[in-house]
Amino acid sequence: MGYNWGMSETVQLFVTCLVDTFFPETGEAMVRVLNRLGVNVEFPTDQTCCGQPAFNAGLRAEARPLAEHTIRVLERLPKSSRSTPGGGKTSEVCPVIIPSGSCAAMVRHGYLELFKDDPQWLARAQALAARTFEFTEYLVDVLGVSDLGARWPGRMTYHPSCHLTRSLGIERQPRLLLAHVKDAEIVELLEREDCCGFGGVFSVEHPELSAEFLKRKIANLEKSGSPTLVVADTGCRMHIQGGLRRQGKAQRVVHIAEVLASQ
Amino acid sequence: MTFRQRIRASLDNENLQIALDNNARRRAEGRRLAFASMPDHQERRAHAHAVRADVVAHLDEYLDKFVGKVQENGIIVHRAKDADEAVQLVLAIAKESTQRAPSLQRGTKETFVNLSDLGGEKVLVAKSKSMVSEEINLNHALEAAGHRVVETDLGEYIVQLRGERPAHIITPAVHLRRQDVGQLFHDKLGIPYTEDIPTLTNTARKVLREVFLTADIGVSGVNFGVVESGTLCLVTNEGNGRMCTTLPPVHIALMGIERLVPTLDDLALFLSLLPRSATGQKLSVYTSLINTPLPGQTRHLILLDNGRSALRNSPLAESLYCIRCGACLNACPVFRELGGHAYGSIYPGPIGSVISSGLVDPKFAYLSQASSLCGACREACPVDIDLPGLLLRVRAGLSPQRTPSTTKEGEGIPSVVKLGLGLFRRAAASPWLFSLGQRALGLFPLPDWIRIPAFTGWGYSKDFPRPAARPFRVRWKNINREEAKDAKDSVARVDIKTIEKPTTPNINLIDLFSAELTALGGKIVHVTTRDVRARLEEFFKERGVDCVLVDDVGAKYITGIASVREPDATVSCGVTGALCAIAETGSVVLVSGGGQTLTASLLPEVHLVLVKKSQLLATLAEALTKREIQTSSSGVIVTGPSRTADIEMALTIGVHGPGEIHVFLLDDSEGA
């Protein structure tokens with residue numbers, strides 16, 4: 001993908017409101033992984049939420065100000081992204097990295113829908129969508145790396161989140177990265193592609209349905225015999241871990257960034 | 001009952017949950033296996049999407065052409081703008097339909113269907129499965145007018161006897177177990193209680209056979225209308241669709257205006273996708289291709305709009321690409337918990353949650369909230385409809401409004417959630433407020449995971465994480481940014497493997513045909529021009545057959561026993577020729593016309609087909625290029641014996657059509 005090996009690149013981190021507020025360790029792990037690969041990470045501190053919860057609930061009037069805010073914030077490019085010392089050229093535009101399939105899908109697809117009748121904002125949304133990547137996608141498809149020298153002793157299983165897999169088509173990348181983690185025994189999760197029942201507002205508005213999905217996901221996790229469930233979406237993490245806690249189960253849900261950062 | 005109550009009732013119904021889990025697992029596996037034999041599945045899917053998009057974009061022109069062709073073919077075409085108009089059209093046809101001479105069964109004692117009160121202008125309607133008829137609530141209207149309607153698809157018949165509506169668009173009785181059906185047949189039909197599915201199926205066969213033979217009107221749906229030829233295509237597995245469209249003197253076909261494909265070549269494409277997606281079959285058992293009325297028969301086609309034009313002119317136009325295969329229902333985790341009835345609309349599942357507010361009742365917009373937007377529906381859709389995207393549009397109040405202000409943004413979302421999202425928006429639109437909120441929440445001395453109460457929704461089944469005392473934005477300032485290291489040593493390049501295209505093995509057509517037919521439960525007998533008659537005689541002798549129902553070809557080869565040409569339900573064996581056979585699906589293609597009907601392949605319990613090796617074609621698409629497909633009165637592609645899986649998804653052979661099919665493959669090559 002035209003990555004200039006060994007040259008530094010600057011990326012903007014869109015950490016998502018859930019990571020920012022509830023799981024800051026995921027953000028820290030991402031920064032560690034990216035720095036280790038020679039990538040400069042910028043964190044535009046004015047960022048808040050991409051607007052996905054309201055958008056998915058159908059409240060587009062509520063989602064729009066947040067989408068506009070996010071576009072505006074991420075349009076302020078860090079200086080270092082435009083050129084690197086010594087004249088080495090990096091990617092033409094500064095990539096935006098998001099540690100969550102559904103938020104990345106919101107920026108890549110949702111914004112285009114949200115602004116489809118507003119040509120000016122649509123153009124801005126398209127420009128942002130074109131340089132937005134989910135974390136594992138960026139590592140594998142843009143940087144072209146597979147082995148990050150990570151080590152995680154023990155058994156783990158991977159839950160392919162719905163938006164990540166089906167909306168962004170990212171399935172191969174996280175698996176490839178996990179396959180190179182030393183001392184890790186990767187087992188397959190039964191019915192792995194089934195939704196965990198999060199679905200944003202769905203998990204609150206249809207609690208009975210959401211609970212059934214979650215029950216099945218947790219039962220399949222137990223069948224896998226794995227103490228660790230790896231995800232690449234914080235919504236699913238919060239949901240499945242919340243269910244495990246409620247049921248008094250010991251399994252842990254971790255974000256893939258934390259696995260890749262561990263040594 | 002509110003939607004919430006219906007959801008809870010479904011979840012509490014243990015039998016339903018078992019049946020739905022069974023449905024989800026088996027259908028997923030069936031679909032996977034069926035598409036495994038199609039290496040270009042994704043290309044076909046994209047092509048099918050494009051064809052449907054073109055049809056919906058230019059619907060008026062296609063409809064004009066189609067209607068012209070259908071009329072040329074001698075079928076009476078009606079247009080109905082809404083459900084009421086469609087119902088009135090059917091009632092008017094019923095009124096003017098002359099009654100058949102009372103058949104032998106009418107009035108005799110040992111019948112299941114009491115017809116004694118039918119007389120004068122009242123008629124008996126034999127109905128093949130049609131979602132459009134459910135959409136317009138046709139049965140109710142016909143019954144209110146004193147007519148008798150009998151559903152003839154096994155699953156539909158079961159739900160009709162129970163006074164219910166279908167729970168699935170393909171598998172109407174998906175919510176029932178064999179015990180329910182056993183009890184139902186005991187109560188309603190007076191047979192001894194049994195849980196034996198073949199016995200139950202056979203009982204329905206007997207009852208419904210009477211209905212087919214005595215019905216005044218047959219009503220069916222239409223799976224596809226072919227614009228270039230005016231052909232109506234219907235797919236069924238049991239044979240009831242063929243019965244309803246051929247035996248009664250009047251046939252009424254009901255069709256949504258959007259169900260068109262431009263050419264027979266396109267039809268071949270859709271037929272390669274529909275059965276695979278619906279039931280995991282390469283082809284349904286009976287694919288009927290109807291061009292003209294049969295001699296002495298009147299055929300009507302009612303084209304229904306009922307909100308489709310409005311959908312077409314709304315942001316939900318893509319929902320009209322649907323070919324009603326039901327794959328999105330089977331893939332949907334919400335449907336897996338609810339079944340069809342809880343949705344309240346006759347169209348359940350993901351596609352139902354998109355179209356019901358447009359086609360059935362605007363109030364159904366709230367159904368769109370019953371989705372986690374997981375996208376399993378889109379993945380399963382054979383025409384790649386962006387169902388999650390459409391659900392989002394319904395949620396945003398973008399369904400066509402038939403009355404002003406019936407839909408609004410966030411329909412179905414409780415106002416407290418709306419309020420919460422509004423407050424969140426206000427906070428998140430200001431980084432300063434957002435950060436302040438985070439810090440304030442982080443100050444509470446709470447455990448890492450908080451047990452919040454059930455009424456919050458979230459607390460119903462999970463704990464909630466404590467906001468971090470130091471959110472990422474605070475930590476960022478202190479993150480010790482390591483100097484960007486030269487990564488050369490610690491990372492490896494990815495080898496991107498090119499995916500090898502599966503190669504199609506060069507299989508002999510005869511072997512392929514034999515394998516496919518045998519897998520369906522059909523039999524193949526290899527014969528030569530010299531021994532064919534003797535082999536037939538042998539077959540009849542073994543079976544004790546003394547009379548057969550024949551077509552022109554059958555008549556040529558029959559010696560030594562009696563044969564009849566007129567439809568006769570008492571003859572147990574039919575002998576026919578074929579236009580061609582299809583190796584990839586194990587099918588035989590039969591056409592009618594020139595005084596020849598297709599009853600010999602439908603009424604008897606055993607169907608014997610004579611096919612020459614030179615008539616064997618590789619693909620369905622090739623078969624549909626045959627001139628006779630367009631010039632004959634009607635045709636049928638028969639793929640294996642009649643079957644159903646309507647009770648507990650247990651495959652049962654021989655419902656309405658023949659339970660046995662024997663293909664006598666005649667070696668007509670030189671020197672044979």
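Chain A splits into domain 1 (9-142) and domain 2 (151-261), with bounds that come from an automatic or database domain assignment. This is a predicted model, where local features need pLDDT of at least 70, side-chain atom pairs count only at pLDDT 80 or more, and totals for chains, interfaces and linings use all residues. Residues are numbered from 1 along each chain as its sequence is written, while chains are lettered from A and ligands numbered from 1 in the order in which they are written.

**The two domains of chain A**

- The C-alpha centres of domain 1 and domain 2 of chain A are 23 Å apart.
- Where they touch, domain 1 of chain A puts in 30 residues and domain 2 of chain A puts in 24; two residues are in contact if their C-beta atoms, placed from the backbone, lie within 7 Å.
- On the domain 1 side, α1 (17-21), α2 (24-36), α3 (52-57), α5 (101-114) and α7 (135-142) of chain A give two or more residues each. Helices (H or I, at least four residues) and strands (E, at least two) are DSSP runs, numbered from the N terminus.

**A helix pair in chain A**

- Helix α4 (residues 60-75) and helix α6 (residues 119-130) of chain A have axes that come within 10 Å and cross at roughly 60°. Axes are lines fitted to C-alpha atoms, for helices over the stretch in contact, and angles run from 0 to 180 degrees between N-to-C directions.
- α4(A) and α6(A) are therefore oblique to each other: angles under 35 degrees count as roughly parallel, over 145 as roughly antiparallel, 65 to 115 as roughly perpendicular and the rest as oblique.
- Which residues meet here? Glu68(A), Ile71(A) and Leu74(A) of α4(A) meet Trp121(A), Arg124(A), Ala125(A) and Leu128(A) of α6(A).
- By class, that contact of α4(A) with α6(A) has 5 nonpolar, no polar and 2 charged residues.

**The two domains of chain B**

- Chain B has a domain 1 (60-304) and a domain 2 (510-667), with C-alpha centres 24 Å apart.
- In their contact, 42 residues of domain 1 of chain B meet 32 residues of domain 2 of chain B.
- On the domain 1 side, at least two residues each come from α8 (154-161), α9 (178-189), α10 (197-214), α11 (240-246), α12 (264-279) and β9 (286-290) of chain B. The largest share, 8 residues, is from α10(B).
- This side of domain 1 of chain B divides into 20 nonpolar, 14 polar and 8 charged residues.

**Where the chains meet**

- Between the chains, 65 residues of chain B touch 73 residues of chain A.
- Elements giving two or more residues to the chain B side include α1 (3-12), α18 (387-395), α20 (431-443) and β12 (464-465) of chain B. α19(B) gives the largest share of that side, 6 residues.
- The chain B side has 33 nonpolar, 12 polar and 20 charged residues.

- The complex gets an ipTM of 0.93 and a pTM of 0.92 from the predictor.
- Chain B has a mean pLDDT of 90, with 91% of its residues at 70 or more; pLDDT is the predictor's confidence in each residue, from 0 to 100.
- Over residues 101-110 of chain B, pLDDT is below 50, and this stretch has 10 contacts beyond near neighbours in sequence.
- Residues 482-490 of chain B also stay under 50 in pLDDT, and the model has 18 contacts for them beyond four places in sequence.

Note on methods
Nonpolar A, V, L, I, M, F, W, Y, C, P; charged D, E, K, R; others polar.
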